[in-house]
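User: I am new to this structure and would like to learn how its features get their names. Could you take me through it?

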Amino acid sequence: MFILGFSSILTGVNFIVTIHKLRPPTMSINQMPLFLWALYATSIIQVLATPVVGITLAMSFVEQIFHIGIFNPAYGGDPVLYEHFFWFYSHPAVYIMILPAMGVQSEIIGTFSRKQIFGYKAIAWSSIAIAAIGFLVWGHHMFVSGQSPTAGIIFSFLTFLVAVPSAIKVFNWVTTMYKGAIDLKTPMLYGLAFIYLFGVGGLTGMFLASLATNVHLHDTYFIVAHFHMVMVGSVLNGFLGGVHYWWPKITGRMYNETLGRIAAVLVFLGFNLAFMPQFVAGTRGMPRRYANYDPEFTSFHQWSTVGAFLLGFAIVLQVGYLLHSLFKGKKAPANPWGASSLEWQADSPPDFHNFTHKPVVMGAYDFENWEYNEKKDAWELKPGVTEGKAAASHH
Ligand SMILES: [Cu+2]
């Protein structure tokens, strides 16, 4: 656990230093892809939250070996204290997972709407805000642990507060799409699914952040459904969207677009079928972690099972066509999507030193510098777009 924790902390430090010190000399921090802002926010959490899980482990170790009472009531310790330590790490850990997915989402929505991203600074700083407020909400997992009602009210309020930067992102993604030239390629399908599923995940979080409804819904399938809306609906969607977006860049091969779209739709259908019934089952009193249940819940569980198999089938299909593309896929051009962040000026896959020519530094959403070459089915820099002449917006 310590080694794992250190690897997480050092990764965070590495990303923070790289973002500050190794940007291209002419690129301002406000020209970076929003993906990097998201990784920056993630890194802050990794550096600050991961030590807490290490400290908890150390205290637990000391308790076991020297019988000093910290968590174990038999030695005079307090088990609820362990819950506090656990959630002080584990709530931010959820943001360690979702913030990178939100970053991927910003790249996908921008590129496949072919429009300067709306609210660049708002999206960038909302990542930092989510990271900061994310440290103050851990008590929302403990409304029924016997914590004081005052603490409950404060944690409830702070939890509602973290919805604000999350909603800022969603509104900016939707506004970016508005009147954009939307191209429904495979990554964009995951982008659209992300907006819907993260919306459902966020809105159902409202019921859990409210003290009274939380008592009713605590430890029911409603929690399971909400958590998966965020962790699978958003994180897995962001991951799969990112895999399909950067696959040609990483491997140098195109995958089958039709199969990609079919799999994206199946992931969406399977996932919804698996988890939507759990919201209903949970509100009607189906508890978590029970192998047996009343017959009234049977059909909910059966729908969930059918959905889970559909989701599994979609993933198997993906593995199949992605493996196929590795060997038989069409060679990928440098920029198949018309994206504007710098990696799309490198070859696919990139040269050992990334760039064979010095790239033209521009903003990550300055799509007007690129034009589509129908013969090559690829995007190329417009003639005359050179260093200093690129339309490079400083946000
Ligand atoms: Cu939480």
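Analyst: Happy to; we will go through domains, contacts, strands and some backbone angles. This is a predicted model, in which local features need pLDDT of at least 70 and side-chain atom pairs count only at pLDDT 80 or more, while totals for chains, interfaces and linings use all residues. Residues are numbered from 1 along each chain as its sequence is written, and side-chain values use heavy atoms, with hydrogens and water left out.

User: How do you know where the domains lie?

Analyst: The bounds come from an automatic or database domain assignment. For this protein, that assignment gives domain 1 (1-144), domain 2 (184-332) and domain 3 (334-395).

User: What makes domain 1 and domain 2 count as being in contact?

Analyst: Contact means heavy atoms within 4.5 Å. By that rule, 18 residues of domain 1 are in contact with 24 residues of domain 2.

User: What is the area buried between domain 1 and domain 2, and which atoms give it?

Analyst: Buried area is the accessible area (1.4 Å probe) that two parts lose on being put together, summed over both. Here the value is about 1,700 Å², and carbon and sulfur atoms give 84% of this area. On the side of domain 1 that touches domain 2, helix H3 (residues 79-113) gives the most, with 13 residues; helices are DSSP runs of H or I with at least four residues, and strands are runs of E with at least two, numbered from the N terminus.

User: Why is the link between Arg288 and Asp219 called a salt bridge?

Analyst: The term asks for a side-chain nitrogen of Lys or Arg within 4 Å of a carboxyl oxygen of Asp or Glu. Arg288 lies in the loop between helix H9 (257-283) and H10, and Asp219 in the loop between helix H7 (211-217) and helix H8 (221-251), so the pair ties together parts that are 69 residues apart in sequence. The structure holds 6 salt bridges, but the count between domain 1 and domain 2 is 0.

User: Why are S1 and S2 called paired strands?

Analyst: Two strands pair if DSSP finds at least two bridges between them. Strand S1 (residues 370-373) and strand S2 (residues 378-381) are joined by 4 bridges and run antiparallel, so they meet the rule. Glu371, for instance, has Glu380 in S2 as its bridge partner.

User: What makes the peptide bond between Ser348 and Pro349 worth a mention?

Analyst: Most peptide bonds are trans. The bond joining Ser348 and Pro349 is cis, with omega about -10 degrees.
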